[in-house]
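Here is a short briefing to read alongside the sequence and the model.

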Amino acid sequence: MKVVIVGAGHAGGSAASLLKASAFEGEIVLLGEEPVPPYQRPPLSKAWLKGEADLESLLLRPESHYAEQGIDLRTGVRVTALSPAERTVTLSDGHVEAYDALILATGSTGRRLPIPGADRPELIELRTLADAERLKGRLGPGRRLVIVGGGYVGLEAAASARSLGAEVVLLERLDRVLKRVASEPLSAFFTDRHRAEGVDIRLNVEVAGFEDGGVRLADGSLVEADIVLVGVGALANDGLARVAGLACDPAGSGGIVVDETARTSDPHIYAIGDVTVRPVPVHGLTLRLESVPNALEQARQAAHAIVGRAQAAPEVPWFWSDQYDLKLQIAGLQNEADRTVVRGEPATGRFAVFHLSGDRIVCVEAVSAPPEFMAGKQLIGRRTRVDVGKLTDPAISMKAVALDTAAETPGAQA
């Protein structure tokens, strides 16, 4: 049996190694557009920018791992067409690669603003190692970085740039940073910290265009910049799948629709990572998740399905972000929440925001509070009822907040 994996990022690289770890004895071909082996992307906006990481430390596994495991890793190659009927993919050099099972791990690409100058070559996104290297080489004292977008990547890059002595202006069109992905207490906390570190955060501003010298706002003013970083969300790289007729999400940021085994509408094709719209059984939702834990879970699902192994229990989705000396860890999703409580005092730099549905936690946002994150993640997966009064008191152990352990969701785990 031959498995072809399109995309050699965190998801694709992990899928190849997990197939081998699952006793797969067939042929594995791993195709990646970038000229380097699979690597970790989260450090790009943090350790890499600050010069605290090198390529070897970024790699998921040493380059020698793939040859030693019999994985045919091909870097610097692009897949231009997919034929489900023929079970083949066509490469940019014209080569046609046949498969018995195909895994699409094509990831996502940065959303481009529909405004003048959005295609200017000097604008930087932070999606790849090459992007991070471009940005890294231009940061330092006396340089002015303007960031468009107040999401996690923008805030992480702002923190790294300030540590290197660069001036930073962050432009956000909404009334708070992280509005689409985090609670108001969390947004307020990180806004205050970044401003204390010297980041000029400007909210409720509309970018009208990019031009020589900086960013033009809708009010006509020009925000001068030496470097412009744009981070306004991502779109799924589902073009191959759409043209091939696979089921894809018709709205929003797109994505290939998969089931709980990462299988697409074609029984011989799987999709994993940022490119997918997937079931999240713990929350009863189907949506896109952009995170390393999501990539790893789906890589495992696809590998197990291909070799015929039983699937692991669904995981609680979780995410993290490092900014300055702070570690943010989030578990669960807020969609079911009907109330929010804060445990600890944000002014201390160590606290957690719990989102509850009734007396069950559905999401926890923990800032430099590992016990709250770990316990909260477990309680979400088990759907355990909690004593909300105890939950709000940081003097009471997280172990003591549970009211029962009997009401657990079958198949869910932390």
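Which residues line the largest cavity? They are Arg278, Val280, Leu289, Ser291, Pro293, Asn294, Glu297, Glu315, Val316, Pro317 and Trp318. Please keep in mind that this is a predicted model, in which local features need pLDDT of at least 70, side-chain atom pairs count only at pLDDT 80 or more, and totals for chains, interfaces and linings use all residues. Residues are numbered from 1 along each chain as its sequence is written, and side-chain values use heavy atoms, with hydrogens and water left out.

**Cavities**
- A cavity is a set of points, on a 1 Å grid over the protein atoms alone, where a 1.4 Å probe fits but cannot get out; lining residues have an atom within 4 Å of a point.
- The structure has two cavities of 30 Å³ or more, a volume being the space filled by probe spheres set on the points, which are joined across faces, edges and corners.
- The largest cavity holds about 60 Å³ of space.
- Strand S19 (276–280) and helix H8 (292–307) are the elements that give two or more residues to the lining of the largest cavity, and H8 has the largest share, three residues.
- Helices (H or I, at least four residues) and strands (E, at least two) are DSSP runs, numbered from the N terminus.
- Six nonpolar, two polar and three charged residues make up the lining of the largest cavity; Ala, Val, Leu, Ile, Met, Phe, Trp, Tyr, Cys and Pro count as nonpolar, Asp, Glu, Lys and Arg as charged, and the others, Gly among them, as polar.
- The second largest cavity, at about 40 Å³, is lined by Val282, His283, Glu336, Arg360, Ile361, Val362, Ile380 and Arg383.
- Strand S25 (360–367) gives the largest share of the lining of the second largest cavity, three residues.

**Helix H9**
- H9 covers residues 370–382, and its 13 residues should span 18 Å at 1.5 Å a residue, which agrees with the 18 Å between its end C-alpha atoms; the expected span is 1.5 Å times one less than the number of residues.
- Among the buried residues of H9 are Phe373, Leu379 and Ile380; buried means under 20% relative accessible area, exposed over 50% and partly exposed in between (1.4 Å probe, protein chains only).
- These buried residues of H9 pack against strands S21, S22, S23, S24 and S25.
- Arg383 follows H9 and has a positive phi, near 55 degrees.

**Second largest pocket and Asp119**
- A pocket is an open set of grid points with protein on both sides within 12 Å along at least five of seven lines.
- The second largest pocket has a volume of about 160 Å³, and its lining includes Arg111, Asp119, Arg120, Phe210 and Val230.
- Seven nonpolar, no polar and five charged residues form that lining.
- Asp119 sits in the loop between strand S8 (108–110) and H4, and counts as exposed because its relative accessibility is 56%.

**Helix H4**
- Leu129, Asp131, Ala132 and Leu135 are the buried residues of H4 (residues 129–136).
- They cover an arc of only 160 degrees around the axis, so they are on the same side of H4; the arc is that of the directions from the helix axis to the C-beta atoms.

**Asp238**
- Asp238 is found in the loop between strand S16 (234–236) and helix H7 (239–244).
- Asp238 counts as buried because its relative accessibility is 8%.
- Leaving aside neighbours within four places in sequence, Asp238 is in contact (heavy atoms within 4.5 Å) with Cys248, Gly254, Gly255, Ile256 and Val275.
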